[in-house]
Amino acid sequence: MNKAVFLLLLKRFKVAFAEAETKRHKGQERQRKPGGGRKATLLTAADKLVFILVYIKVYPTQDVQGVMFNMSQSTVCDWVGRLFPVIQMALGKEKTLVPMSYFIA
């Protein structure tokens, strides 16, 4: 994946992540103010995208993924569960950045 493709995917990923987070918190009363609680290891959208792309491409065990990203296996499991649907949304139903019609002459 080159930088241009990554940046395109990152743009879509940010939108999909924002939608997923809105759905996740819908109807719930906050326990803390935004930014409260422990600090996440995956701070930026780019960090989250790299995390889930590594998981999909390499498919390491969650223990190995935890070592690579400095988190516990259970935290890896939580992030994979949150981010996998987001990357699917970002890629669309074709599961690719380029629509299949682009390849059909």
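How are α3 and α4 oriented to each other? I started my notes there.

**Ground rules.** I am working on a predicted model, where local features need pLDDT of at least 70, side-chain atom pairs count only at pLDDT 80 or more, and totals for chains, interfaces and linings use all residues. Numbering runs from 1 along each chain as its sequence is written, and side-chain values use heavy atoms, with hydrogens and water left out.

**α3 against α4.** I looked up the axes of helix α3 (residues 62–69) and α4: they come within 8 Å and cross at roughly 95 degrees. Axes here are lines fitted to C-alpha atoms, for helices over the stretch in contact, with angles from 0 to 180 degrees between N-to-C directions. So α3 and α4 are roughly perpendicular to each other (65 to 115 degrees counts as that). From α3, Gln62, Asp63, Gln65 and Gly66 meet Gln73, Val76 and Cys77 of α4; contact means heavy atoms within 4.5 Å. By class I get two nonpolar, four polar and one charged residues in this contact. Ala, Val, Leu, Ile, Met, Phe, Trp, Tyr, Cys and Pro count as nonpolar, Asp, Glu, Lys and Arg as charged, and the others, Gly among them, as polar.

**Whole chain.** I find four helices and zero strands, in the order α-α-α-α along the sequence. These are DSSP runs numbered from the N terminus (helices H or I, at least four residues; strands E, at least two). Of the 105 residues, 29% count as buried (buried is under 20% relative accessible area, exposed over 50%, partly exposed in between, with a 1.4 Å probe and protein chains only). Among contacts with a separation of 6 or more, 73% come from residues 24 or more positions apart.

**Leu53.** I checked Leu53, in helix α2 (residues 45–58). Leu53 counts as partly exposed because its relative accessibility is 22%. Neighbours within four places in sequence aside, Leu53 touches Met1, Phe6, Leu9 and Ile87. Leu83 is 30 residues from Leu53 in sequence, and their C-alphas are 9.7 Å apart.

Technical notes: Angles under 35 degrees count as roughly parallel, over 145 as roughly antiparallel, 65 to 115 as roughly perpendicular and the rest as oblique.
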